[in-house]
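Here is a short report on one structure. Look at the sequence and the model first, then read on.

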Amino acid sequence: AAAAAAALLYGLWLLLLLVACGCVCVAQGGNHLTSESWLQSVSLNRSIVKNGFHRELVIDVRLGDGAHPDCCIMIEEQLPRGLYVDPYEVASLREHDAKIFVQKGIDIEAPEYVSTAHMVIIYLNPNTSNPGHFTGKVPVHVRYHRPTDVEETNTLVILTNPRLMIHCQRDNLMQASWNPSVSELPCSLRSPSTYRWVNVTYQNVGEIVTLQVPVGQKKHALIVTAATLLATILCCTLLLKAVWKYGQFES
């Protein structure tokens with residue numbers, strides 16, 4: 001009888017333990033669902049500012065309400081061959097704490113029709129004046145395009161949608177079932193360690209980012225060539241005249 005009572009008590013204790021574990025698991029699952037909710041309302045806003053062939057791409061990411069305060073945001077832009085980022089300019093900006101990385105082998109002198117698309121990675125900074133927002137900007141430059149036979153004097157350069165990746169210190173974010181892919185990348189340009197970044201689906205704010213680029217006309221080739229040649233001859237003549245008049249020559 002004593003043995004039967006002991007077995008019954010042990011069975012009741014085991015049942016209570018299983019129920020407690022089940023409650024903990026349900027609570028943890030609820031935390032995952034909570035962490036998913038703010039990721040469903042992530043939005044991305046991009047715009048091009050400045051004029052001419054030297055522009056600036058401005059990026060603003062807004063996280064949903066309840067986002068973790070310890071997250072990092074990374075944007076992976078695929079620039080079309082009509083645009084480029086100057087790696088020397090980026091290296092100079094990094095000395096002033098800019099967080100931009102570009103791939104090697106970018107020819108900044110090549111025209112659009114012999115260039116290729118290239119990738120740019122931007123680590124965004126939290127906007128202290130606007131909680132929940134992360135911002136960044138990248139100087140971009142327009143390449144010269146091939147002259148055309150048609151009457152159109154402008155062509156469009158279109159920026160495709162970038163990849164948006166998030167890294168948070170809380171590991172449960174990486175275990176969520178919605179996660180389509182995870183990448184191993186550093187959390188900053190100065191950090192040699194890699195972390196797990198989640199590729200996040202976002203909502204675009206505004207229209208597709210496009211630039212109108214002026215294109216030369218082949219029918220103007222003769223006029224441009226003649227004007228360039230005359231300007232060169234005139235400048236060389238003035239330079240030689242100044243050297244002959246003010247130069248000091250040894251006899």
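V90 is buried, with a relative accessible area of 1%. Buried means under 20% relative accessible area, exposed over 50%, and partly exposed in between, with a 1.4 Å probe and protein chains only. This is a predicted model: local features need pLDDT of at least 70, side-chain atom pairs count only at pLDDT 80 or more, and totals for chains, interfaces and linings use all residues. Residues are numbered from 1 along each chain as its sequence is written, and side-chain values use heavy atoms, leaving out hydrogens and water.

V90 sits in helix α2 (residues 87–94). Helices (H or I, at least four residues) and strands (E, at least two) are DSSP runs, numbered from the N terminus. Setting aside residues up to four places away in sequence, V90 touches V85, I100 and V102. Contact means heavy atoms within 4.5 Å. V90 and V102 are 12 residues apart along the chain, and their C-alpha atoms are separated by 7.9 Å.

H118 belongs to strand β6 (residues 118–123). The table sets out both residues.

| Residue | Relative accessible area | State |
|---|---|---|
| V90 | 1% | buried |
| H118 | 2% | buried |

The H118 side chain reaches the backbone nitrogen of V85 at 3.3 Å. Beyond its neighbours within four places in sequence, H118 contacts residues including E77, L79, Y84, V85 and I106.

Helix α3 (residues 221–246) is another matter. Among its 26 residues, the count of buried residues is 0. At 1.5 Å a residue, helix α3 should span 38 Å, and its end C-alpha atoms are 37 Å apart, which agrees. The expected span is 1.5 Å times one less than the number of residues.

Notes
Polar contact = N/O pair within 3.5 Å; in protein donor to acceptor, adjacent residues only side chain to side chain.
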